[in-house]
Amino acid sequence: MSTSQSVTLISREAGSAVTVYRLVAQAADGQCDHVADATVRPIGVSAESVATVGQSLPVAIPTGAIVKVEAGATVAALAELEAAGDGTGRVITHTSGVGDYTVGIALTGGAAGDIIEVQLLVDRDQVV
């Protein structure tokens, strides 16, 4: 069963090609790219793919909403999630690494490359 709800979107400028359903972070220049690793706080999840630097990028922001996100490894339902450490913006099961952000809770599980449903957590601080 798939869940549907209203999601709050903001528009940002892409700093590189961005793939849909991946975590993005905003750089100091205001442009957004895939989250590099779990120590980077994402501003949200890309709602569309964009191929061109400077192109408008819609981003679903963390409001507790349920969104689709691509898994970077096998993820179990109800697992806490963080960004994969490979610069792709995909999510993996949260580890207890110092400085890692918990970005959401998996509502559905899946394998690497699967699109899963995630409840994005509102302003979760780093684990220290």
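1. Accessible areas here come from the Shrake-Rupley method with a 1.4 Å probe, and for residues only the protein chains shown count as cover. On that basis the protein chain has an accessible surface of about 6100 Å², with 52% of it belonging to carbon and sulfur atoms.

2. A word on the source: this is a predicted model, where local features need pLDDT of at least 70, side-chain atom pairs count only at pLDDT 80 or more, and totals for chains, interfaces and linings use all residues. Residues are numbered from 1 along each chain as its sequence is written, and side-chain values use heavy atoms, leaving out hydrogens and water.

3. The protein chain has 0 helices and 10 strands (DSSP runs numbered from the N terminus: helices are H or I, at least four residues; strands are E, at least two).

4. Of the 128 residues in the protein chain, 41% are buried (buried means under 20% relative accessible area, exposed over 50%, partly exposed in between; 1.4 Å probe, protein chains only).

5. You will find 3 salt bridges in the whole structure (a side-chain nitrogen of Lys or Arg within 4 Å of a carboxyl oxygen of Asp or Glu). Arg22 pairs with Glu70 at 3.1 Å between the closest N and O atoms. Arg22 sits in the loop between strand 1 and strand 2 and Glu70 in strand 6, so this pair ties together parts 48 residues apart in sequence.

6. Glu70 also bridges to Arg90, at 3.9 Å, and Arg90 meets Asp86 at 3.3 Å. Arg90 is buried at 16% relative accessible area, whereas Asp86 is partly exposed at 43%. Shared partners join Arg22, Glu70, Asp86 and Arg90 into one network.
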